[in-house]
Amino acid sequence: MMECIQRIQCAEAVVELEENCDLVCKRRVAKRYRVKEIDERLRRERTKSEAKIISEARRRGVLTPIIFDISDYEIVMERVEGVLAREVFEREGEADEGSEVGEGSEVGEGSEVGEGSEAVSEKIGEFVGVLHENGIIHGDLTTSNIIVVRRDGRERTVYFIDFGLSFYESSVEARGVDVHVFFQSLQGTHERHERLKDGFVRGYKKSSPDAARVLKRVEEIEHRGRYVKRKREKTENWRREKTENWRREKKKKTSTPKFQDTHVRERYNHPSEQHACKNSTKRVPAANAEDERDCTRRPGSCYGQRNGDERN
Amino acid sequence: MSLILGLEGTAWNLSAAVVNEERVVHEAEATYKPAHGGIHPREAAQHHAAELRGVVSRVLKSLSKIDAVAFSQGPGMGPCLRTVATAARALSLALKIPLVGVNHCLAHIEIGRWQCGAEDPVVLYVSGANSQVLAYRAGRYRVLGETLDIGIGNALDKFARHLGLSHPGGPKVEELASRGTKFIHLPYVVKGMDLSFSGLVTAAKDALKVGEEKEDVCYSFQETAFAMLTEVTERAVAHLGKEEVLLAGGVGANKRLQGMLQTMCCDRGARFFVPDAKYLKDNGAMIAYLGLLMFESGETTPIEKSAVKPNFRPDEVEVGWRTVALKALSERLEE
């Protein structure tokens with residue numbers, strides 16, 4: 001019906017910007033590589049849930065496009081004029097764009113390069129916090145899914161798009177993975193990502209009362225696979241600490257069942273172990289061992305088992 | 001021209017090779033086959049210790065001189081890594097040649113780039129313990145997405161063991177899957193760029209319990225798992241705007257996975273590369289080749305820093321050799 005002026009091929013959908021009207025049509029296209037059963041189910045489910053969550057987020061105060069129409073594999077929504085966060089970060093990370101960066105709220109604060117990016121990142125953090133507080137997990141928080149908008153010289157704000165992998169969940173784990181995905185996208189595409197991370201954390205703390213717990217979990221998630229060095233150090237520190245505590249406790253009272261229980265429980269709760277132990281339930285009884293050597297060795301052995309298991 | 005000896009033994013395949021700038025000069029291998037169940041790290045290491053001498057002497061027999069010895073420093077099973085590293089150190093000291101500690105995962109990538117001629121691909125690295133999507137950026141290979149629990153190979157092997165198939169299970173599951181016709185819905189878990197396979201294994205076992213045919217479950221297992229891998233790879237390609245995809249690692253030998261990636265690349269207008277089967281699985285040639293690249297860009301590993309790293313990550317390594325290679329190329333072009 002309307003003449004299509006611009007087609008953008010995303011990873012899983014085609015986005016059409018239509019002429020003379022402020023509409024965007026996002027259509028999930030069939031993927032030939034996967035069987036029809038998977039393909040149709042994924043496309044239908046993702047379209048439906050995306051539309052639902054986009055409008056839900058909007059009702060909760062997070063900027064997302066307004067939805068006008070929805071069919072099996074297609075959503076028609078408002079067109080948001082702006083620049084992708086990825087481009088903003090890359091541009092401001094590379095060159096000194098004084099006029100661009102210095103405007104708005106940062107004026108007069110000795111605007112250095114990238115300060116604007118940090119403010120944008122803070123705004124992103126704030127909105128992600130709101131989403132999480134309302135039980136929404138974005139599921140694909142990358143800098144390509146966030147549009148930075150400035151209207152009439154007001155402070156820059158951000159729109160979230162592509163809720164195709166979103167779902168409802170309020171567990172710390174799900175939120176942690178969500179934030180982790182965002183940090184990963186900063187790391188994968190931007191060289192000076194630490195400052196952007198800091199900005200995000202500031203914003204996230206503003207709007208989410210659970211921020212501290214979530215951010216702690218994010219660290220744990222990183223330690224599961226990434227940044228193994230830090231994990232190793234952390235495990236060693238923890239092991240040393242535990243051994244000392246254990247000795248101290250042992251001096252106080254010689255093995256009572258009560259003490260053993262708390263000892264085991266603490267172990268289960270240790271961050272780096274939670275994940276690893278899932279794969280090694282068989283070994284859990286060993287945690288009861290009273291022998292000191294065994295107790296100090298456990299984190300390492302558990303960890304080793306996860307990673308050393310059948311590597312090709 | 002330099003001759004580099006490479007030793008590989010991170011898991012069940014012990015392999016040695018000698019390469020120079022142009023080709024693989026010699027290679028030899030010995031494979032550990034568990035009597036039952038999966039790979040037992042200690043037994044695999046004992047196998048390597050028993051076979052090392054024979055394998056190394058086979059590749060060295062006609063050579064008077066080699067310039068460096070490269071070994072896989074990690075990631076892998078501790079006991080196996082230590083066995084091979086000990087041999088590498090001994091050779092380095094006895095022959096008075098430098099030692100080069102190599103990241104196993106990067107070796108997979110580099111031999112693939114070398115053999116296929118890919119310049120700057122998004123890499124899907126799938127093996128027993130690893131499932132990662134990587135791409136080069138600013139001096140390192142970055143991990144863009146990876147499994148949050150077990151590797152795809154491990155998932156296939158676990159499921160195969162449940163079916164009573166012997167190690168390695170992947171090819172046998174592939175064979176069964178080719179006869180499957182009915183698709184059963186199994187959990188499809190993609191979180192952003194990350195994947196999870198352990199729930200898939202459990203659900204597949206449950207499907208067998210309720211009486212589904214094993215061919216159908218294998219078929220559905222593969223379709224689901226590989227669609228997840230392909231989707232994440234496609235996301236990486238779209239996100240980074242790259243034009244090449246390289247497959248690496250043992251699971252890469254699976255024809256269905258290759259087919260899916262080929263279709264995806266074809267639809268996106270990207271080029272798809274798969275190395276020969278012998279370079280997909282663990283092999284000494286890739287260790288020797290990356291050892292060569294590192295050696296020529298001046299990176300060697302002193303003995304005191306040659307301790308094995310069972311959890312060695314590809315993004316820990318500063319990639320010096322790619323810039324060196326670029327320099328050499330531009331010099332050659334100027335000439």
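**View 1. Chain B and chain A bury about 4,300 Å² between them in this predicted model.** Carbon and sulfur atoms account for 48% of that area. On the chain B side, B:R137, B:H239 and B:N311 lose the most area to chain A. Together these three make up 15% of what that side buries. The contact draws 57 residues from chain B and 43 residues from chain A.

**View 2. Salt bridges and polar contacts link the two chains.** Four salt bridges are counted between chain B and chain A. One side-chain pair in a salt bridge is A:D140 with B:R235, at 2.8 Å from N to O.

**View 3. Helices and strands of chain B supply the side that touches chain A.** At least two residues each come from β8 (140-146), α4 (152-162), β9 (190-191), α7 (214-240) and α8 (255-268) of chain B. The most come from α7(B), with eleven residues. By class, the chain B side divides into 23 nonpolar, 16 polar and 18 charged residues.

View 4. A disulfide is a covalent bond between two cysteine sulfur atoms. The cut-off for the sulfur pair is 2.5 Å. For B:C116, the closest cysteine sulfur belongs to B:C265 and is 12 Å away, so the gap is too far for a bond. The sulfur of B:C265 has its closest cysteine sulfur in B:C266, at 8.6 Å, which is also too far for a bond. B:C265 is buried, at a relative accessible area of 0%.

Note on methods
Residues numbered from 1 in each chain as written. Chains lettered and ligands numbered in written order. Predicted model: local features only at pLDDT ≥ 70, side-chain atom pairs only at ≥ 80, totals over all residues. Heavy atoms only, no water. Contact = heavy atoms within 4.5 Å. Buried area = accessible area lost by both parts, 1.4 Å probe. Polar contact = N/O pair within 3.5 Å; in protein donor to acceptor, adjacent residues only side chain to side chain. Helix = DSSP H or I, 4+ residues; strand = E, 2+ residues; numbered from the N terminus. Nonpolar A, V, L, I, M, F, W, Y, C, P; charged D, E, K, R; others polar. Buried < 20%, exposed > 50% of the residue type's maximum accessible area, 1.4 Å probe, protein only.
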